[in-house]
Amino acid sequence: MKPSTELFELIKSLSKSEKRFFKLSSSLQSGEKNYLKIFDAIEKQSSYDEDAIKKQFKNEKFVKHFPSEKNHLYKIILKSLRSYHADNSISGILKQELKNIEILYKKALYKECNKFVSKAKKLAIQHEKIYYWFELINWEKTLLEEAYESGNFDLDLDKLIEEEAEVIEKLRNLAEYHYLYSKINHIFRSGGFARNNEEKEAVAEIENYHLIKGKNTALTSRAASICYYIKGLCASTNRDYESAFTFFNRVKDILDNNPLIKQDLAKRYVRTLRHLLLCYVDAGNFKAAEELMIRMQKLPKEKGFKSVDIQVKIFTTTSITHLMIGVRRGDFKGTEAMLEDIIKNMEAFGDKINKEKELIFAYNIAYVYFGCGEYNKALFWINRVLNENEQNLRQDIFSFARIFNLIIHYELENLDLLEYIIKSTNRYLSKSDKDFNIEKLMLKHIRRLAKNPGEEETLKEFDSMLSSINESFKTEREKVILDYLDVKSWAESKVKKESFAQSIRKNSKELA
């Protein structure tokens, strides 16, 4: 069994200031600190090598129970990080305040306790931290009981009960929105868009839910932000990007107008901007997308946006959008120049980039190399998508990647292999329940091309493919493939004997 690398990954994630704080707090402790020796040894490693550490400390007693020493160090680092970041978020501050309240209460310092409750409650209300607000009301009720026992009957219990009922209703309201968000997010993450009637009905059910369809149903700004975010996801899942743009802009406005909540919902804010970028790209408004990306890259200077996970999301969002814009413009060579830096940063962030973003990166990098005519490199990256074999994540990407794979093999003239891949692709597509046929149409024409007809027959087949595509695209839902692969421009480039990039530029719908 391989040694666990969790401790190594935690140590490598620490910033210089976090390491300094850890060392400083450790120095205040008395006694021998074997964990500091382990910390220093791991910090110097570029990749985790437990055998090397054991060899380094072979004469130390702690090596005999190394797993428990590692576990001890992990807990100490987390404790240090809790202290270091205690005041970095409103949740952290309120947790600390609740601990203070409990300590003061147990010491029977009720007057001081009341002051802390009052101060913490104001913070909870300002930041709409409803769960903490509810807990603080419970403390007020507890302290009220102590006041009554001391003969102080000035406080109004009825008013407090009324406030508690209001807070419970806000909690219920927010929880219901979170439930709806989970439902639409599952559809979006699994398929990318509604692919059949069953999924469309599931989206419609969410859209028509009284908290989504009704007016003024959100009881807090937090609830309003998630309400419009759900509306935006529903529209995106239906590929209604015009409506999605309106809804996600509303989310952005709500958070911009509530800076305290915006800080606490930094991830939702970045995700909202990501969806707005996708809307801009779909509309061909690349200039607006580029301006928004510049603003996104400045976000880490703001409070609430400095964490590593936010930096990762900003990197993945802006980098993928740059690739998509380059592809939509047919500027493959210009975009290829960015790939080295993008891939280097992908490797630097490593596992911090989630699986969905890895798939989207790989697909778009393959697309850029394909547009540059570097088909072997394109094949390498599209295989990174296909080899994942995910069963529940972004089946839209896996599905269109199979068609893309066929086209890459055709360009590589792997005709013998292509015949086998066509059969497996056909089996895959026959199992998929979708309300569009463009993939099967492409499969039919590529199967004919794989038989290696002569030059004249090949040209006729591409001309037939282009006619079929144009006829198919009279039905709007069939155009979905263009979000993933411009098959029309590819067929057109063969018919007109021009580059794929040239055909894309002619068909580009970029706004002036």
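## Contacts of L276

Leaving aside neighbours within four places in sequence, L276 is in contact (heavy atoms within 4.5 Å) with F245, F248, N249, K252 and L292. L276 belongs to helix α15, which covers residues 266–283; helices here are DSSP runs of H or I with at least four residues, numbered from the N terminus. With a relative accessible area of 2%, L276 is buried, where buried means under 20% relative accessible area, exposed over 50% and partly exposed in between, using a 1.4 Å probe and protein chains only. E302 is 26 residues from L276 along the chain, and their C-alpha atoms are separated by 20 Å.

## Basis of the model

This is a predicted model, in which local features need pLDDT of at least 70 and side-chain atom pairs count only at pLDDT 80 or more, while totals for chains, interfaces and linings use all residues. Residues are numbered from 1 along each chain as its sequence is written, and side-chain values use heavy atoms, with hydrogens and water left out.

## Helix α5 and E69

E69 lies in helix α5 and is buried, its relative accessible area being 12%. Apart from neighbours within four places in sequence, E69 is in contact with N34, I38 and F62. Between E69 and K497, which are 428 residues apart in sequence, the C-alpha to C-alpha distance is 67 Å.

## K95 in helix α6

K95 is found in helix α6, and because its relative accessibility is 49%, K95 counts as partly exposed.

Methods
Helix = DSSP H or I, 4+ residues; strand = E, 2+ residues; numbered from the N terminus.
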